[in-house]
2 protein chains.
Amino acid sequence: MKVNGTHYRSIWLDPNDHMIVQIIDQRLLPHEFIIHELKTWQDGAVAIKDMYVRGAPLIGATAAWSMYLASLTTTDQAALKDIGEQLLETRPTAVNLRWGVERMLATNPANYRAEAEAICDEDVEISKGMGRHGLELIKEISTKKKGAPVNILTHCNAGWLATVDWGTATAPMYTAHEAGIPIHVWVDETRPRNQGAHITAFELGQHGIPHTVIVDNTGGHLMQHGLVDMCLVGTDRTTRCGDVANKIGTYLKALAANDNNVPFYVALPSTTIDWTIRAGVSEIPIEQRDAEEVTHVRGKDERGIHSVQITPDDSPAANYAFDVTPARLVTGLITERGVCEASEEGLLGLFPEDLRFETKT
Amino acid sequence: MKVNGTHYRSIWLDPNDHMIVQIIDQRLLPHEFIIHELKTWQDGAVAIKDMYVRGAPLIGATAAWSMYLASLTTTDQAALKDIGEQLLETRPTAVNLRWGVERMLATNPANYRAEAEAICDEDVEISKGMGRHGLELIKEISTKKKGAPVNILTHCNAGWLATVDWGTATAPMYTAHEAGIPIHVWVDETRPRNQGAHITAFELGQHGIPHTVIVDNTGGHLMQHGLVDMCLVGTDRTTRCGDVANKIGTYLKALAANDNNVPFYVALPSTTIDWTIRAGVSEIPIEQRDAEEVTHVRGKDERGIHSVQITPDDSPAANYAFDVTPARLVTGLITERGVCEASEEGLLGLFPEDLRFETKT
């Protein structure tokens, strides 16, 4: 998608020097747009660990490109396997990281560049699939509204900067925008890390999509007053039965959507479906992160980018990173193969080959 | 309630100099605790306008004490009426401000001190009433939990610093704490102005009540996992039928409480009941405030207290200050006269004399 009028992916091989991989340093967004160069696989490891890049698909792609950089200095399989292990340690719970590394290790090192490029291109195709299928839902609302802007509420960042391009939840938005359908996006700031205010707002603004940042408390009021036509969010993990784990606060928006008859859609690449579990609330463990993300807020002032403390010195804080939205609150799942009901039947209808997976319970 | 081990009200006459009224400068909380002196009615006007003080009951009390300060220089009724008019302009929509000024103007200026003291004492009694009635609800849960801490979730600040003492939603918490019933409070930070993180956390911490600050997105997850025993919030305005306008985001917590069978209580002095309207969502206009409250966050760092910008320079933001929670989501209303159902029957049962009011619709 576009930044300052130029099209970017979130990761790419330097066209002038094929020994350098370039990424956007997302830590400084939206205040500074800096392109960062990865020259060694260790640079890639730091970029993943220190969150220059984030978002499951982009982490997988960065791991793949890091393996490519490693292959420029060694083609020894044992050495590459060892490097792969070290990359896995940068973010131990990131499923796509393991997937990216293992896919590269299954490839002849001489073909690492082509394989990394294929991983990126495939990810873009998956996003485009979600975009194409989600577009139909937006079109339908647009027609009902006789072309008045379709108001879409989103939470967190499931945008192109979390993938290689287009994004997951944002793919239908960008696709609708390219198709000339007027949309307006309500962007939840998404405390505590403010990925909405920092990254989603940046993405949409740079690509020219009308949007408004709101605090996470606002969505219910907007829906009560008919100011939201659909909710559209991403997910980190979807159970076999359609329960959806996503950034903390997603469940509250789904409740409000349900209470006000606003359709609530979740966009997901099928790789994030966990066929081994059914009940999200009881079976998905919710990570607790550092309380400092709650007690401190990062932003810019005249001195630069830094953090301020908002709580009393002695008040403890808790930081649950995700919550689970039960399938009963989800209108539909938007995948690269189409839109389905948030249920086992719905998911197996689109992905019949996954019947082979067994649930644990 | 206590600060640094000493009992304070939020406003009081200087015991050593009866020509000075003292308040807590709430703009600097929780980072600095500064007592500010009002020596003229104009000082009082500034304190209201610039939000040294906030909260409907405290604004009313500050207006009353400002009139007292005015009476030290003039007892001319016309002059005092004119001063009253000027005080009203400091926060034109504050109902209690008008009430405080009018009550003073109906008094002989020679008795202004006694009247201002009476206004404060009466407010404390109202809070204590809510505390006493809310205590019974907490006690019941405590008994069921065999004395394990009762987990209460609150939103915004309906605390003693919004009233003269004890608060509204916090009155049952302080009363339970004084009665030796163990409680723990989940404090919503309450974006955009962070009154929870700034003021509620400060209040509870200083008084020794166990609490944890959370981002506003968290409550649903906590309720799904049985970590909230009751929600307890304040209100700015309650309709005749029990719909409740309160800080933006309250509605989302009520939805989550309803979805998880967690009781959702609202504490209110009967003065905030608007007997002239029935349907909150359609009849209560929701104030939109400055977008900068969304785009910027105030906190402290090593240089002091200041604001940082969290959004892109070009992203617009919207700032709806309140939302309306329909009565169907409210388990009960805690008033100074007792607890009732959130309905016309419930409210008229406690306040039968208010049958005299007519609704507009």
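Tyr8(A) and Trp12(A) are both buried, where buried means under 20% relative accessible area, exposed over 50%, and partly exposed in between (1.4 Å probe, protein chains only). This is a predicted model, so local features need pLDDT of at least 70 and side-chain atom pairs count only at pLDDT 80 or more, while totals for chains, interfaces and linings use all residues. Side-chain values use heavy atoms, with hydrogens and water left out, residues are numbered from 1 along each chain as its sequence is written, and chains are lettered from A and ligands numbered from 1 in the order in which they are written.

## Ring pairs

Rings of Phe, Tyr and Trp (its six-membered ring) pair if their centres lie within 6.5 Å; planes under 30 degrees apart are stacked, over 60 edge-to-face, the rest tilted. That rule gives eight aromatic pairs over all chains. Take Tyr8(A) and Trp12(A): they make a tilted pair, 5.7 Å centre to centre with 55 degrees between the planes.

Over in chain B, Tyr8(B) and Phe33(B) count as edge-to-face because their planes sit at 70 degrees, with ring centres 5.3 Å apart. Tyr8(B) is buried at 18% relative accessible area, and Phe33(B) is partly exposed at 23%.

Back in chain A, ring pairs join Tyr8(A), Trp12(A), Phe33(A) and Phe202(A) into a cluster.

## Arginines over rings

A charge sits over a ring if NZ of Lys or CZ of Arg is within 6 Å of the ring centre and within 35 degrees of the ring normal. Arg27(A) lies over the face of Tyr52(A), 3.7 Å from the ring centre. In chain B, Arg27(B) lies over the face of Tyr52(B), at 3.7 Å from the ring centre.
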